[in-house]
Amino acid sequence: RKLVHEQREHHRLDGFVVGSQYMAQHHADHGFPVSKIHVLPLFADPPTDFQVAARDRNRLLFVGQIVRGKGLDLLIHAMKRVDEKISLTVVGTGAQEAESKHLCERLGLSSRVEFLGKMDQTHLADLYVRAGGLVVPSRSPETFGQVGIEAMSYGLPAIAANVGGISQWLKPGMNGILCAPNDSNSLAEAIDQLVSTPGLAERFSRAAIESYHSNFRPDTHADSLASLLHRTCRSTVAK
């Protein structure tokens, strides 16, 4: 009953701001007028003192909660299918952390998968600079996938499951690779492609930085939001 009341009240608003086309469609599916829904992609703060480092092309990075919806178990199974020279660094904690570590032990991957727990932004930035690729294996829809644009700001290519708002920032063939959701085989194929295709990671890295600066900087978001507020206010006054 409370939710129904909130939805009725929201219908009286002049506009809704969401971070991805996925969220826009989600609102439209729940009866909100499409004309009132505005997509303004989220942003990430630009790196400070960003210096290009020698990337370890065989080192993958997972950043996020270790829960079922984030799909780390899918990535671990994919690691069993790729070349043994490829390793994975896991940043984050969560309800499935112990289970994920046991899975690594069972699959014989303990020496190739490193769990670092939570990290502050300074240490995480160092990983973004030195890793060969970010993997976002989510099985549950992401409303946006903030970690993706954080990594992009450092020129880190991404491999991600095609769920929710991921495609708002990951453009397949340009700055990363989209995979079939809930599919460790698809993840493994994408990892092999990124690591073994000559020049691919470097091309994705350049495109990631360009995409970040064109679309996902704080000032870009602020300018778009200010413009939207101006148009909305002008339209409201005209009524």
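The model is a predicted one, where local features need pLDDT of at least 70 and side-chain atom pairs count only at pLDDT 80 or more, while totals for chains, interfaces and linings use all residues. Residues are numbered from 1 along each chain as its sequence is written, and side-chain values use heavy atoms, with hydrogens and water left out.

I noted that helix H3 covers residues 72-81 and helix H4 residues 97-106. Helices (H or I, at least four residues) and strands (E, at least two) are DSSP runs, numbered from the N terminus. The axes of H3 and H4 come within 10 Å and cross at roughly 10°. Axes are lines fitted to C-alpha atoms, for helices over the stretch in contact, and angles run from 0 to 180 degrees between N-to-C directions. H3 and H4 are therefore roughly parallel (angles under 35 degrees; over 145 is roughly antiparallel, 65 to 115 roughly perpendicular, the rest oblique).

I then listed the contacts (heavy atoms within 4.5 Å). Leu 72, Asp 73, Ile 76 and His 77 of H3 meet Ser 100, Leu 103 and Cys 104 of H4. These residues divide into 4 nonpolar, 2 polar and 1 charged. Nonpolar covers Ala, Val, Leu, Ile, Met, Phe, Trp, Tyr, Cys and Pro, charged covers Asp, Glu, Lys and Arg, and polar covers the others, Gly among them.

Next I checked H3 against helix H7 (residues 184-196), whose axes come within 8 Å and cross at roughly 55°. H3 and H7 are therefore oblique to each other. The crossing of H3 and H7 is right-handed. On the H3 side I found Leu 74, Leu 75, His 77, Ala 78 and Arg 81, which meet Ser 184, Asn 185, Leu 187, Ala 188 and Ile 191 in H7. The contact of H3 with H7 has 6 nonpolar, 3 polar and 1 charged.

Conventions
Left-handed = near helix turned anticlockwise from the far one by under 90°.
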